[in-house]
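This report walks through one protein model.

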Amino acid sequence: MRFSLRQMQIFAAVARHLSYTRAAEALHLTQPAVFAQVRQLEESVGLPLLERIGRKLHLTAAGEEVLATSRETLDALERLEMRLADLQGLKRGRLRIAMVTTAKYLIPRLLGEFCARHPGIEAELTVTNREKLLARLAANEDDLVILGKPPGELDVVATPIADNPLVVLARHDHPLAGQKAIPPARIAEEPFILRERGSGTRRAAERFFAAQGCTLKVRMELGSNEAIKQAIAGGLGLSVLSRHTLALEGEAGLIQPLDVAGFPLLSQWYVAYPAGKHLSAVASAFIDHLLASQAEQAADRPV
């Protein structure tokens, strides 16, 4: 019985997602290629590893055994790779980072700085929503994850790395633009464009307005901050987003923060990883880089 490490990797992805399509997306392969590799693995084993019941895939008993062995093998190889990279210091190595969508306005720049200092490091960056990020964190798929509020349901090590102020954004010519200390109850009368349910930013906004006795009037839900910004620019409503989303346009452009009492909502970005995880030298160095950047920003703030 012979099968390759690549087949193990592909089968582990299919088993994790219980979907050929989602596994193919995660692996940047085509769905037929993923299906073919799993079929070849089944032929090598001589038993079916997956079965479809209704519209859902399920692991067979043989599939559970192959998955357990695949994980053990892949984990062992990852630990070996990590130890070898540690022996070489920061001359070579790999860094896998996953982050929530809003962090893309901050982390890629810091990662670029880090890779420029250490050109032998290969970096892989995954951008996704909070729900999928927590699934990746629970499965230990990445070296580090970047997110807002650390998950209470998972045992993780989380370190704050940057401020993440949330503001109410509106089109520059909105009737409330220029007003001072706008009451939250007044803001809640306006239509809102929010991220999907489960978004950390949305949860923070809804918690704030609920504490004020207000319920937001959600006109639409959109899956990306850029789409929300376009909707605001089109006059479709207000939103609560990180101030970092204005990094490219600045705060004097088509979209501007409103001066709302109680805002900005002060939160932070965290770098996190599963408790008990052995960090590589590269991952530890990147955390140090993030903390150094935070210290520099704090030093530059006016007293």
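Which helix holds both Arg-39 and Glu-42, and how many residues apart are they? Both lie in helix α3 (residues 31-45), 3 residues apart, about one turn of the helix. Helices (H or I, at least four residues) and strands (E, at least two) are DSSP runs, numbered from the N terminus.

## Basis of the model

This is a predicted model: local features need pLDDT of at least 70, side-chain atom pairs count only at pLDDT 80 or more, and totals for chains, interfaces and linings use all residues. Residues are numbered from 1 along each chain as its sequence is written, and side-chain values use heavy atoms, with hydrogens and water left out.

## Overall layout

The protein has 10 helices and 12 strands. Its C-alpha atoms fill a box of roughly 75 × 50 × 30 Å along the principal axes. Of its 303 residues, 43% count as buried. Buried means under 20% relative accessible area, exposed over 50%, and partly exposed in between (1.4 Å probe, protein chains only).

Contact means heavy atoms within 4.5 Å. Among contacts between residues at least 6 apart in sequence, 74% join residues at least 24 apart.

## Salt bridges

A salt bridge is a side-chain nitrogen of Lys or Arg within 4 Å of a carboxyl oxygen of Asp or Glu. The count comes to 14. Arg-39 and Glu-42 form one of them, with the closest N and O atoms 3.8 Å apart. Arg-39 is partly exposed at 40% relative accessibility. Glu-42 is buried at 14%.

Arg-96 and Asp-143 also meet in a salt bridge, at 3.9 Å from N to O. Arg-96 lies in strand β3 and Asp-143 in the loop between α6 and β5, so the pair ties together parts that are 47 residues apart in sequence. Both Arg-96 and Asp-143 are buried. Arg-136 and Asp-142 pair at 2.7 Å, N to O. These two are buried as well. A network of salt bridges links Arg-16, Arg-136, Glu-141 and Asp-142.

## Nonpolar cores

A nonpolar core is a set of buried Ala, Val, Leu, Ile, Met, Phe, Trp, Tyr and Cys residues joined through side-chain atoms within 4.5 Å. The largest has 34 residues; Leu-95, Ile-107, Leu-144 and Ile-146 touch the most other members. Elements that each supply at least two residues include β3 (93-100), α5 (107-117), β5 (144-147) and α10 (281-300). Helix α10 gives the most, with 6 residues. Apart from this core lies another, of 22 residues, among them Val-14, Ala-15, Ala-62 and Val-66.

Which residues does Ile-107 contact, leaving aside neighbours within four places in sequence? They are Met-99, Ile-146, Ile-161 and Leu-290.

## Strand β4

Thr-128 sits in strand β4 (residues 121-128). Thr-128 counts as buried, at 13% relative accessibility. Not counting residues up to four places away in sequence, Thr-128 touches Met-99, Val-100, Thr-101 and Leu-133.
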